[in-house]
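Work through the following exercises with the sequence and the coordinates at hand.

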Amino acid sequence: MGVINVTKELIAAEDLNTGTGTATRTTSTGGSQTVNKINVSTLVAGATTFGAQDATPSVSGNYFFKTANTVPTTITNLIDGTAGQVIWVVFGDALTTIEFTGTSLKGNAGADWSPASGDHMQCIFDGTSWYCSVSDNTA
């Protein structure tokens with residue numbers, strides 16, 4: 001289940017009733033909160049595509065990214081991040097490897113990951129390292 005960070009609380013994507021307008025949800029403290037509905041397809045369509053064969057792509061200026069490599073490419077770092085930044089990367093190819101061994105990228109139990117097209121990862125930056133959760137959406 002996808003999550004979206006809204007005012008320091010995590011809200012299940014289906015709670016947003018994907019679409020347009022607003023929705024009301026119950027908070028963890030029993031109150032209610034009005035949130036904007038989000039069309040996930042629009043978010044992915046607005047993704048910034050990493051440059052081809054870029055081993056250290058910039059994540060400045062957006063939170064949604066996509067790969068489109070045409071030759072094998074290993075990503076070893078994400079640059080230009082800010083502490084607290086959360087990003088999503090959708091893999092648009094099966095030629096990208098994420099290097100989780102000996103880099104500032106932490107995740108996948110420390111093993112490098114070669115996602116399939118359609119997989120994604122979510123990462124948060126603490127100012128030094130990116131902590132990433134990987135998602136195999138094709139199995």
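**Exercise 1: a strand pair and its neighbour**

Strand β11 (residues 120-125) pairs with β12 in the antiparallel sense over 6 bridges, where strands are DSSP runs of E of at least two residues, numbered from the N terminus, as helices are runs of H or I of at least four, and two strands pair if DSSP finds at least two bridges between them. The model is a predicted one, in which local features need pLDDT of at least 70 and side-chain atom pairs count only at pLDDT 80 or more, while totals for chains, interfaces and linings use all residues. Residues are numbered from 1 along each chain as its sequence is written, and side-chain values use heavy atoms, with hydrogens and water left out.

**Exercise 2: a loop threonine**

Task: locate T103, and decide whether T103 is buried or exposed.

Solution. The sequence position places T103 in the loop between β9 (96-98) and β10 (105-107). T103 has a relative accessible area of 13% and is therefore buried, since buried means under 20%, exposed over 50% and partly exposed in between, with a 1.4 Å probe and protein chains only. As for the side chain of T103, one of its polar atoms lies 2.7 Å from the backbone oxygen of E99, and the backbone nitrogen of L105 lies 3.1 Å from a polar atom of that side chain.

**Exercise 3: the whole protein**

Task: give the order of the elements along the protein and the share of its residues that count as buried.

Solution. The secondary structure comes to 1 helix and 12 strands. Read from the N terminus, the elements follow the order β-β-β-β-α-β-β-β-β-β-β-β-β. Of the 139 residues, 34% count as buried. Finally, for contacts (heavy atoms within 4.5 Å), residues 24 or more positions apart account for 34% of those with a separation of 6 or more.

Terms used:
Polar contact = N/O pair within 3.5 Å; in protein donor to acceptor, adjacent residues only side chain to side chain.
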